[in-house]
Structure formats: C-alpha cells, structure tokens
Amino acid sequence: MSELSLTRLDALLMLVLDEQASKQEHQELLALADAEPRLAEQRALRESLRAALVDAALDPIDVVPQVLAALAVEDPWQSISSGLRDAVDGDIDLADGIMAAVGGAELPERRVAAVLEKDSVPTADEARGILLSAMVDGELSREKRAELSEALADDGSALDQMTQFADLGRVLRTVVELETRQSNLDGLWEEICLQIGVEDPEHVPGWEKTAGMLRAAAQEHATLSASEEGAFTAAIMNGIPGQEHLSEVQEPEREQAAANNGFWRLMGDPRSLMVAAAALCAVVLGLNFIPGDSALPVDLPVQASDPVAQLVENPDLGTSERTAGMTEDHNHAEVEELESGHDVTVHIMAGMEGAPMFLMIDEGDEGVTL
Amino acid sequence: MKKLMGLIALLATVGFSAPKQAVAQSRPAPGVHSAGAKAKAPVGKVGVQVMVVQAKDAPTRRVDPKLKAMEVHFGHLRYNDYTVLGVNAAQLGDGAKASFDVEGGRRLDITVLERSDKNVRMRVQMFKADKKLVDTIILIERGGTFILAGPQYQGGILLLPITANY
C-alpha cells in the first residue's frame with residue numbers, strides 16, 4: 001500500500017476512535033483495510049472491524065487499537081505523548097496503568113518468551129510490564145505486535161485500559177491545541193493590572209519626575225508676560241497693510257464709451273494727429289527745440305485761444321498712487337462752493353505752511369469741539 | 001528754413017496745458033487756476049483715498065502708525081488718541097463719483113469734476129441717513145490732502161483725510 005493510502009487509513013482509524021467518521025468513511029476504511037497487506041493475514045481482525053463499523057456488533061474502540069497494532073503504524077500521538085512524558089515532572093509510566101489493569105491477567109510465559117526472544121525467562125509481572133511498555137513505546141516488531149495484540153484480545157481489562165489511553169490521548173490533544181492556539185492578547189494588560197493592583201494601565205513607574213520637569217519648563221518658556229503679549233500683538237497689527245475698500249464707482253456714459261475705444265479715440269483726436277505730425281517734422285528736419293529760446297521771432301501772431309504747447313519729456317499720461325496719508329507740502333486747497341444742511345455748520349480752517357485744510361462739520365447735535 | 005519748420009511744428013502741437021513762458025506773453029500763469037477756468041486735464045484717473053480716523057480723549061497719547069506723516073497737523077486738536085478705522089480708495093475719471101460708507105450711519109460721495117496737471121476739482125458731499133450735512137466743491141492741489149472733521153462717534157469725533165493722487 002502506498003504511503004498516501006497508509007496515511008489515509010491511519011487518519012480514518014483516528015476518526016473512528018473519535019467517533020467522527022461518517023458511513024462513507026467507514027466503507028473507505030474497510031476497503032483500505034482489505035487492501036492492506038499487513039492485515040491480509042488478520043482476517044479475524046478485519047471481520048471484527050467490519051462488524052464494528054457496519055454491523056455495530058462491536059465497539060469500534062475495541063477493534064481499532066488492534067488494527068493499529070497490526071499495522072504497526074506510528075501513532076502521531078506517540079510523539080506528543082513522548083513530549084508530554086518528558087515535560088512532566090516526575091515519573092509517569094503510562095504502562096503502569098495498563099500493568100495495574102492487566103495485572104490479573106496472566107499471559108503465557110512461553111508467549112512472552114517467544115515474543116521477547118530473550119534467553120532468560122522473566123517473571124510474569126516483569127514480562128507483562130516489559131511487553132506493555134515495549135508495545136506502548138512502539139518497540140515491538142510488526143509480528144510481535146500482532147501476536148501480543150492477539151493475546152490482549154482476550155484480556156478485557158487490558159483493552160479497557162487501552163480505551164482509557166485513547167480517551168486520555170484525545171483529551172490531551174484537545175488541551176494541547178487549546179494551549180497552543182494563537183490568543184488575542186488585547187486587553188490582557190488591563191486584566192493583569194486589575195489582578196496585581198495597578199489602577200492605571202498607562203502608568204509608567206518613575207515617569208512622574210520627568211513629566212514634572214517637562215511641565216515646569218513649558219510653563220516657564222512657552223508663555224508671554226502682559227507687556228510681551230502687548231508688544232507681540234502690536235507688531236502683528238502694525239505689519240498688516242491698510243485695508244482699502246474699493247467703493248462703487250459711477251462712470252458717466254461718455255467716459256465709459258471713450259474708455260472702451262482708447263486707441264481709436266487717440267487716433268481720432270485732431271490734437272493727437274497734429275502732435276504726431278509735429279514729431280515727424282522734428283525728426284525729418286533734425287531740429288533740437290530748446291524751450292525759452294529767445295532767438296525765436298516775437299512778431300509772429302500768437303492767438304491767445306491757442307495756448308502754446310510745451311514739449312514735456314516723459315509726459316505723465318497715467319495715474320500714480322501714493323501712500324495713504326503721505327501729505328507733503330502740496331495741500332493747497334480752495335473751497336469754491338459750500339452748502340450745508342439744516343442745523344449744520346461748517347467751519348473752514350485754512351492750512352498754514354503746507355498743512356491740510358480742515359472743514360469742521362457741526363451736525364448740530366452737540367456741537368464740535370476741537 | 002529749419003527754424004520756420006520748427007515753429008510750424010510748435011504751432012501744430014496743441015493739447016498740452018502748460019504754456020511756454022518764453023513765447024506766450026499773454027497766457028495765464030501756470031499753477032492754480034481761478035474758479036471757472038477750464039484747464040485741459042491729461043488722460044487718466046484720479047486716485048481718491050479717504051481715511052476714517054477716530055479722535056478721542058485717552059489717558060495716554062496714542063497715534064496710529066498710519067497717521068505718522070499727518071500727526072504733525074493734529075497738534076491744534078485737543079485729542080490725544082487717533083485710531084484709523086478704515087481706508088477707502090477709488091479711481092475716478094472726470095465726472096465719475098464714488099460713495100464711501102462712514103461710521104455713524106454716514107455716507108461720503110466724491111465726484112471728480114475735472115482735473116489739470118496741477119490740481120483737481122472735486123465735489124464732496126456728506127450725508128447722515130437721508131440728511132445732507134455738507135455739499136462743497138473743493139479745488140485741491142495734485143497729491144494734496146484736506147480733512148473733513150467733526151462728526152460725532154463713540155465719545156470722540158471722526159476725521160476724514162481725503163487725498164487726491166494722480
């Protein structure tokens with residue numbers, strides 16, 4: 001039988017022991033057992049297995065161990081039981097339970113001697129102990145195992161012990177699985193804190209001193225005094241540029257229409273055309289006009305309605321903005337017309353030495369005091 | 001011949017307001033025109049700037065940094081605390097009007113009537129609700145400032161420096 005089939009047979013036997021095998025798996029187990037060469041000579045065993053699985057005439061637990069023994073298949077539980085045995089403090093001899101259970105059964109010594117192939121014939125007790133220990137440890141050959149299984153088949157107490165071993169193995173496997181599974185450790189520290197009397201799970205012993213030093217340093221250097229805060233705020237406010245609110249501008253229609261036609265307006269302006277013509281003449285003739293040239297003839301007629309133009313270098317045809325409030329000595333102003341409302345008085349204070357003119361408005365409620 | 005052509009070129013160049021002093025002997029003098037003279041204004045707009053300043057009494061003297069250049073002109077006022085409440089601006093061509101809201105429910109309308117190279121003529125009107133407080137026409141020098149003052153506001157008065165730049 002292939003290794004795979006043997007593994008499958010072993011697995012099915014385990015399922016039967018755990019009472020978890022289905023009827024289909026029973027059939028599969030019987031088929032594999034019939035095909036197994038090592039069980040070919042164990043016809044009675046195979047019939048017992050069939051009776052247990054199909055007819056339910058026997059308890060499978062009574063038969064499966066014999067099949068395992070006949071197969072001499074290494075029970076995977078062997079490694080676990082060996083590990084458990086090694087890990088447990090003190091001597092626990094699993095064979096002792098079996099030996100105690102089978103103590104009343106007397107195995108034929110000759111069978112024992114034949115099985116052990118020893119020169120000396122041990123005592124009955126010794127023989128039983130040795131045999132069972134060897135069997136549990138898997139030290140017996142296939143043939144010896146089969147022969148001992150046949151001998152134990154008539155010993156009900158021994159079979160009971162082996163059943164108990166099977167139950168014990170199942171329990172131990174469950175316990176080992178429970179112990180080795182991956183556990184969620186979230187919340188574990190909080191539970192431990194409760195058990196050991198620590199109130200705050202986040203508490204770090206010895207941190208109080210360091211935290212206090214950090215707190216004191218922050219309070220000392222991260223705050224501003226009243227004067228510092230005032231200076232800080234003033235520096236910020238002074239750095240903010242003045243807010244200029246653009247008001248709605250009402251443009252007259254003619255101004256708006258002209259503004260949309262600047263170039264053609266310029267070209268259509270007769271003054272502009274004559275300026276262009278004069279500039280062309282000056283360029284062609286190579287004249288250098290000097291204002292104030294007294295050599296010009298003074299008897300040429302000059303009409304007062306046509307003011308003489310002055311050539312200005314870099315004429316300022318656009319607007320220039322100046323900083324708000326930057327009043328220099330250009331504050332000369334005149335009030336050409338003045339009208340005030342009812343009960344409103346306006347006083348004009350002309351500026352002296354370049355000072356701006358003040359128009360003091362008294363709205364008539366409480367009067368204006370300067 | 002060249003001089004004759006140059007003179008013709010000069011005669012043909014019109015539209016500039018400032019007359020040539022050496023030739024024009026009967027021209028009006030440059031500078032501030034008298035009322036009624038129609039000066040030829042250059043192309044462009046007038047930048048009108050209106051500051052709203054609150055002047056009041058305070059335990060210590062405090063002048064808004066924006067008023068540094070103007071502080072010297074406040075010496076005759078009895079107040080010692082000057083705070084800029086706001087700055088309004090508008091670009092106005094000839095005939096254009098701008099309206100500014102002023103604290104205390106007031107409104108200031110400024111209309112640029114005409115401008116010359118030296119000065120600008122503006123109409124300044126102030127209203128409180130529907131009541132007209134003042135309606136005046138002022139000829140101000142180019143780049144100059146005049147101040148409306150006196151409207152009551154929160155224990156002090158308002159100063160409205162108005163500047164015309166172009």
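From the N terminus on, the elements of chain B run α-β-β-β-β-β-β-β-β-β. That is one helix and nine strands. Helices (H or I, at least four residues) and strands (E, at least two) are DSSP runs, numbered from the N terminus.

A word on the source. This is a predicted model, where local features need pLDDT of at least 70, side-chain atom pairs count only at pLDDT 80 or more, and totals for chains, interfaces and linings use all residues. Residues are numbered from 1 along each chain as its sequence is written, while chains are lettered from A and ligands numbered from 1 in the order in which they are written.

Back to chain B. It has 166 residues, and 41% of them count as buried. Buried means 20 or more other C-beta atoms within 10 Å of the residue's own, with C-beta atoms placed from the backbone.

Now the cores. A nonpolar core is a set of buried Ala, Val, Leu, Ile, Met, Phe, Trp, Tyr and Cys residues joined through C-beta atoms within 7 Å. The largest one has 47 residues. Which residues have the most contacts inside it? They are B:Val48, B:Val53 and B:Leu160. Strand E1 of chain B, residues 46-56, gives the largest share of this core, seven residues. Apart from it lies another core, of 21 residues, including A:Met14 and A:Ala146.

Take B:Val53. Leaving aside neighbours within four places in sequence, its contacts include B:Leu67, B:Tyr82 and B:Leu158. Contact means C-beta atoms, placed from the backbone, within 7 Å.

On to chain A. Helix H2 (residues 23-35) and helix H3 (residues 43-55) have axes that come within 10 Å and cross at roughly 175°. Axes are lines fitted to C-alpha atoms, for helices over the stretch in contact; angles run from 0 to 180 degrees between N-to-C directions. So H2(A) is roughly antiparallel to H3(A), a label for angles over 145 degrees. Among the residues that meet are A:Leu29 and A:Ala33 in H2(A), with A:Leu49 and A:Leu53 in H3(A).

Next pair. Helix H4 of chain A, residues 60-71, packs against H9(A) at about 155°, with the axes 7 Å apart. These two are therefore roughly antiparallel as well. A:Gln66, A:Ala69 and A:Ala70 in H4(A) meet A:Arg145, A:Ala146 and A:Ser149 in H9(A).

Last, H9(A), residues 142-152. Its buried residues are A:Arg145, A:Ala146, A:Leu148, A:Ser149 and A:Leu152. Why are they on the same side of H9(A)? Because they cover an arc of only 165° around the axis, taken from the directions from the helix axis to the C-beta atoms.

Key: Buried ≥ 20, exposed ≤ 12 C-beta atoms within 10 Å, placed from the backbone. Contact = placed C-beta atoms within 7 Å. Parallel < 35°, antiparallel > 145°, perpendicular 65-115°, else oblique.
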